[in-house]
Amino acid sequence: MTDTSNRWPDVLEGLAQRPQILLALDFDGTLSEIVERPEDAVLRPGNAALLAELGRNPRFTLAVISGRALNDVSDRVGVPGLIYGGNHGLELRGPGLDYLHPAAAAAVPAMVDASERLAVDLRDIPGALVESKVLTLTAHYRLTPPQYHDSVAMLFLDAVGPLLATGACRVTAAKMAMELRPAVDWHKGHALDLIRFQLAPEAFTMYVGDDDTDEDAFLAAQNAGGVGIYVGPPDVDSGALLRLDSPAEVTAALTELAALG
Ligand SMILES: [Mg+2]
């Protein structure tokens, strides 16, 4: 991608003229630092107060959309009055919005079965973690020595194979993780569109995230005339128009947004 990070000040200047702004952010690696164990992730210092301040500002519609389960991400952020999206937006909840994708709800029993089998199959792989998020399932291997990574992938695909064969579910790759999701045409970009249509159709739309699964939301924001903001180093190929280096820069950007008033 083109390194366009120096254009953030231009975007910020343009926002001063915007009466309505929809700001949606990922959680892990965006509002939180990346941690070795997903259960240790917390908001960066200052972010809770900044999100609360922006959430109270009538110009802003604020959403946090995560791959985590909805209750997990809303508990970790803990700021009332925001829109929270869990499982990449298959479930959305907040003021004026309460959504659960029907096909995702129907796949829950099969997800529970797969989660139980994987917990057994991966128990001998060092560092492998199975995270059941009810609507989806993730096997993490960030803590697993590299020589086991192929085994994790094989065991994962073996365990979920029968489900893939039914067409009810599909596998997606994330950072050092494999995810099983309901095979529905749905991603963070659809979730962002739904929030925009329902709550802020006229808003200038921004989406901030650091992972492959955020790319759909960057494009959704940009297709709506807004911007996607990739968080991470400049050598990563992203469709986002803008880039911030790190979660610390996200906090700095939120500070500047709050100062817009
Ligand atoms: Mg992330």
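**Strands first, then helices**

Visitor: Which residue in β7 does L129 stand opposite?
Guide: L129 stands opposite H140 in β7. Keep in mind that this is a predicted model.

Visitor: OK, and how many bridges join β6 to β7?
Guide: Four, and the two strands run antiparallel. β6 covers residues 129-132, while β7 covers 137-140.

Visitor: What sits between them, then?
Guide: β6 and β7 form a hairpin, with four residues between the strands. One thing to look at in the turn is V134, which has a positive phi of about 65 degrees.

Visitor: What about β7's other partner, how does β9 run against it?
Guide: Antiparallel, with four bridges joining β7 to β9, residues 177-182.

Visitor: Which way do the β7 side chains go, and are they buried or exposed?
Guide: L137 and A139 point one way, T138 and H140 the other way. All of them are buried.

Visitor: Switching to helices. At what angle do α5 and α6 cross?
Guide: Roughly 155 degrees, and their axes come within 10 Å. The angle is over 145 degrees, so α5 is roughly antiparallel to α6. The crossing is right-handed.

Visitor: Which residues meet there?
Guide: From α5 (residues 108-121) you have A110, A114, R117, L118 and D121. They meet L155, F156, A159, V160 and L163 in α6. By type, the residues of this contact divide into eight nonpolar, no polar and two charged.

Visitor: And α7 with α8, how do those cross?
Guide: At roughly 35 degrees, with the axes coming within 6 Å. α7 is residues 188-199 and α8 is residues 215-223. K188, G189, L192 and D193 of α7 make the contact with D216, A217, L219, A220 and A221 of α8. The residues of that contact divide into five nonpolar, one polar and three charged.

Visitor: Which residues of α8 are buried?
Guide: E215, D216, A217, F218, A220 and A221.

Visitor: What do they pack against?
Guide: The buried residues of α8 pack against the strands β1 (21-25), β2 (60-65), β10 (204-209) and β11 (227-231), as well as α7.

Visitor: Last one: what's the phi of G225, after α8?
Guide: G225 follows α8 and has a positive phi, near 90 degrees.

Technical notes
Residues are numbered from 1 along each chain as its sequence is written. This is a predicted model: local features need pLDDT of at least 70, side-chain atom pairs count only at pLDDT 80 or more; totals for chains, interfaces and linings use all residues. A residue is buried if 20 or more other C-beta atoms lie within 10 Å of its own, exposed if 12 or fewer, and partly exposed in between; C-beta atoms are placed from the backbone. Two strands pair if DSSP finds at least two bridges between them. Axes are lines fitted to C-alpha atoms, for helices over the stretch in contact, and angles run from 0 to 180 degrees between N-to-C directions. Angles under 35 degrees count as roughly parallel, over 145 as roughly antiparallel, 65 to 115 as roughly perpendicular and the rest as oblique. A crossing is left-handed if the near helix is turned anticlockwise from the far one by less than a right angle, and right-handed if clockwise. Two residues are in contact if their C-beta atoms, placed from the backbone, lie within 7 Å. Ala, Val, Leu, Ile, Met, Phe, Trp, Tyr, Cys and Pro count as nonpolar, Asp, Glu, Lys and Arg as charged, and the others, Gly among them, as polar.
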